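Please look over the following structure before reading the briefing.

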Amino acid sequence: MVSSKNNKGLGKGIDAIFSDFEAIDESSETVQNIKIDQIRPNPYQPRKTFDEDALNDLSNSIKENGIFQPIIVRESVNGYEIIAGERRYRASKIAGLKEIPAIVRVLSETAMMEIAVLENLQREDLTALEEAEAYQTLMDKLNLTQDQVATRLGKSRPYIANYLRLLNLPDKTQKLVQNGVLSMGQARTLLSLKDPEQIDALAQKAVKEDLTVRQLEQLASDAKSNSVKVRKRSITKSPFVRETESKLVEKFDTSVAVKESRNGRGKLEIDFNNIDDLNRILDILGIKLD
């Protein structure tokens with residue numbers, strides 16, 4: 001059984017996911033050597049890239065010491081698909097192994113998908129974008145809500161929602177997140193903007209000038225203020241209102257507008273992208289709907 005050691009604070013381990021879907025009699029399982037050319041990666045693997053240096057180090061260790069922990073696979077129409085242990089599989093190929101020790105397990109598509117996501121979340125550091133795409137895959141393929149994904153993976157709904165919001169970024173900025181040069185905190189700051197060109201420009205600036213999240217927040221706030229001035233030059237907001245908007249943007253992680261009228265009345269507008277984003281804002285406000 002793959003270790004359920006929790007490196008990222010997940011409430012569920014691999015063992016729990018297995019028990020949710022399959023009644024597994026581990027006492028009857030045996031390790032067998034399977035030809036590497038009969039094995040394929042998990043089609044639901046969320047990781048897009050693997051560190052080549054780390055793989056080479058693992059490959060050298062395998063050459064010297066062998067494989068201490070078998071991978072876990074399931075039988076498919078043409079050979080086997082990896083459930084857990086793709087790094088060991090890749091490193092073994094680099095090492096020139098023709099066979100690899102494996103446990104063959106019978107699992108459904110549903111369990112296969114969830115285990116692929118959870119195993120990576122626990123055992124390797126996915127990029128923020130890969131993690132977001134993994135959650136979206138679970139929602140799309142299994143027809144789950146954000147609440148259900150959060151429950152099954154032992155996370156809060158706001159946590160899942162914050163990652164999913166990264167998928168609203170324009171492609172160029174997503175690539176910066178994927179490559180690890182733009183942090184999740186920086187990316188979330190840029191989500192308060194609506195113009196894709198503005199987002200891409202500030203993302204590039206953040207990477208080039210190594211801006212902190214706080215510095216980027218100020219630039220994003222300035223960019224929004226400039227956009228408002230262009231659209232509504234006749235409206236001049238007081239320093240108090242501008243500061244209030246800035247604090248609300250920081251609080252809700254989205255565009256916020258405080259609008260005043262001449263009679264002293266006004267209104268507060270909080271942008272949201274979809275119903276899940278609205279639920280995230282309601283969670284921040286402490287509003288629970290039946």
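Axes are lines fitted to C-alpha atoms, for helices over the stretch in contact, and angles run from 0 to 180 degrees between N-to-C directions. The model is predicted, so local features need pLDDT of at least 70 and side-chain atom pairs count only at pLDDT 80 or more, while totals for chains, interfaces and linings use all residues. Residues are numbered from 1 along each chain as its sequence is written, and side-chain values use heavy atoms, with hydrogens and water left out.

**The chain as a whole**

- The chain contains 13 helices and 7 strands; helices (H or I, at least four residues) and strands (E, at least two) are DSSP runs, numbered from the N terminus.
- Of the 290 residues in the chain, 43% are buried (under 20% relative accessible area, with exposed over 50% and partly exposed in between; 1.4 Å probe, protein chains only).
- Among contacts (heavy atoms within 4.5 Å) with a separation of 6 or more, 70% are between residues 24 or more positions apart.

**Packing of α5 and α7**

- Helix α5 (residues 128-142) packs against helix α7 (residues 157-164) at an angle of about 110 degrees, and their axes are 8 Å apart.
- This angle makes α5 roughly perpendicular to α7 (65 to 115 degrees; under 35 counts as roughly parallel, over 145 as roughly antiparallel and the rest as oblique).
- On the α5 side the contact involves A128, E131, A132, Y135, Q136 and M139, and on the α7 side Y159, I160, Y163 and L164.

**Packing of α7 and α13**

- Helix α13 (residues 275-285) also packs with α7, at an angle of about 135 degrees and with the axes 10 Å apart.
- That angle makes α7 oblique to α13.
- The residues that meet are R157, P158, A161 and N162 in α7 and N279, R280 and D283 in α13.

**Helix α10 and its ends**

- Helix α10 (residues 196-209) has 14 residues and spans 20 Å from its first C-alpha to its last, close to the 20 Å expected at 1.5 Å a residue (1.5 Å times one less than the number of residues).
- I199, D200, L202, A203 and A206 are the buried residues of α10.
- At the start of α10, a side-chain oxygen of D195 comes to within 3.0 Å of the backbone nitrogen of E197.
- After α10 comes D210, with a positive phi near 55 degrees.

**Helix α3**

- In helix α3 (residues 86-94), the residues E86, R88, Y89, A91 and S92 are buried.

Technical notes:
A polar contact is a pair of N or O atoms within 3.5 Å; within protein, one must be able to donate a hydrogen and the other to accept it, and residues adjacent in sequence count only if both atoms are side-chain atoms.
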